[in-house]
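Colleague: Hi! Could you show me the model you've been working on, and then walk me through it?

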Amino acid sequence: MGLSVTISAADAADAEHILKLQYLCYQSEAELYGDWSIEPLTQSLDGLRAELAEGYGLVARLGDEVVASVRARLDEDGTVRIAKLIVHPRMQRHGLGGRLLDGIERHFAETAETAEAAVQQAPSPKRFQLFTGHRSEGNLRLYRSKGYAQVATRELGPKLTLVTLEKAAA
């Protein structure tokens with residue numbers, strides 16, 4: 001009997017599991033760019049908990065194990081900034097990253113509808129934005145397949161150029 005992957009909202013109790021998975025997942029990025037000081041590898045547990053408290057996160061579980069996660073927050077200008085989409089290496093290339101992206105976009109779209117029905121306290125999402133390194137071909141392929149287009153690049157040093165991608169909210 002196989003287990004299926006379930007996706008749900010992340011909370012503070014998931015933070016330690018997410019941080020361990022994040023550390024595992026970003027090893028390949030660090031190796032690709034020759035930089036083990038990247039923020040996902042140096043982030044503290046308190047920092048991750050703060051991100052979850054200030055925004056919204058999803059986790060994917062296979063049984064009780066957290067095997068994927070994503071975080072995002074809505075800025076006052078209506079930009080949903082998606083960050084740290086991670087999938088356990090053994091679970092990659094099975095559509096899980098795409099499911100998490102769809103889930104985070106759906107969450108913010110539904111939150112906007114609920115906020116509009118009540119008193120509009122938060123801005124409605126106008127766009128979804130994320131970034132990755134210029135050599136992270138798998139990430140770029142996934143984001144483009146989900147409708148994201150490159151809107152900017154920023155050179156962070158001789159080894160890394162960040163590529164910012166964006167798509168309009170529906």
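Modeller: Happy to. Let's start with Lys84, which sits in strand β4, residues 79-87. Keep in mind as we go that this is a predicted model.

Colleague: Is Lys84 buried or exposed?

Modeller: Lys84 has a relative accessible area of 11%. The cut-off for buried is under 20%, so Lys84 counts as buried.

Colleague: And what is the phi of Lys84?

Modeller: Positive, about 50 degrees, although Lys84 is not a glycine.

Colleague: At what angle do α1 and α4 cross?

Modeller: Roughly 115 degrees, and the axes come within 10 Å. Helix α1 spans residues 15-25, while α4 spans residues 45-54. Angles of 65 to 115 count as roughly perpendicular, so α1 and α4 are roughly perpendicular to each other.

Colleague: Left-handed or right-handed?

Modeller: The crossing of α1 and α4 is right-handed.

Colleague: Nice. Changing topic: where is Arg61, and is it buried or exposed?

Modeller: Arg61 is in strand β2, residues 56-62. With 18% relative accessibility, Arg61 counts as buried.

Colleague: What polar contact does the side chain of Arg61 make?

Modeller: One with the side chain of Ser8, at 3.0 Å. Setting aside neighbours within four places in sequence, Arg61 is in contact with Ser4, Val5, Thr6, Ser8, Asp14, Val66 and Val67.

Colleague: And Ala72, where does that one sit?

Modeller: In strand β3, residues 65-74. Ala72 is buried, with a relative accessible area of 5%. Not counting residues up to four places away in sequence, Ala72 touches Gly55, Tyr56, Val80, Arg81, Ile82, Ile104 and Phe108.

Colleague: How far apart are Ala72 and Ala169?

Modeller: In sequence, 97 residues; in space, 14 Å from C-alpha to C-alpha.

Colleague: Let's finish with β5. What can you tell me about Gln129 there?

Modeller: Strand β5 covers residues 127-133, and Gln129 is one of its residues. Gln129 is buried, its relative accessible area being 15%. With residues up to four places away left out, Gln129 touches Thr79, Val80, Arg81, Ile82, Tyr148, Thr164, Leu165 and Glu166. The C-alpha atoms of Gln129 and Ile82 are separated by 6.0 Å, with the two residues 47 apart along the chain.

Colleague: And Arg127, how does its accessible area come out?

Modeller: Arg127 is also in strand β5. Its relative accessible area is 23%, so Arg127 is partly exposed.

Colleague: Which residues does Arg127 touch?

Modeller: Asp77, Gly78, Thr79, Val80, Glu166, Lys167, Ala168 and Ala169, not counting residues up to four places away in sequence. As for Glu166, its C-alpha atom is separated from that of Arg127 by 6.7 Å, and the pair is 39 residues apart along the chain.

Colleague: Great, thanks for the tour!

Technical notes. Residues are numbered from 1 along each chain as its sequence is written. This is a predicted model: local features need pLDDT of at least 70, side-chain atom pairs count only at pLDDT 80 or more; totals for chains, interfaces and linings use all residues. Side-chain values use heavy atoms; hydrogens and water are left out. Axes are lines fitted to C-alpha atoms, for helices over the stretch in contact, and angles run from 0 to 180 degrees between N-to-C directions. Helices (H or I, at least four residues) and strands (E, at least two) are DSSP runs, numbered from the N terminus. Angles under 35 degrees count as roughly parallel, over 145 as roughly antiparallel, 65 to 115 as roughly perpendicular and the rest as oblique. A crossing is left-handed if the near helix is turned anticlockwise from the far one by less than a right angle, and right-handed if clockwise. Buried means under 20% relative accessible area, exposed over 50%, partly exposed in between (1.4 Å probe, protein chains only). A polar contact is a pair of N or O atoms within 3.5 Å; within protein, one must be able to donate a hydrogen and the other to accept it, and residues adjacent in sequence count only if both atoms are side-chain atoms. Contact means heavy atoms within 4.5 Å.
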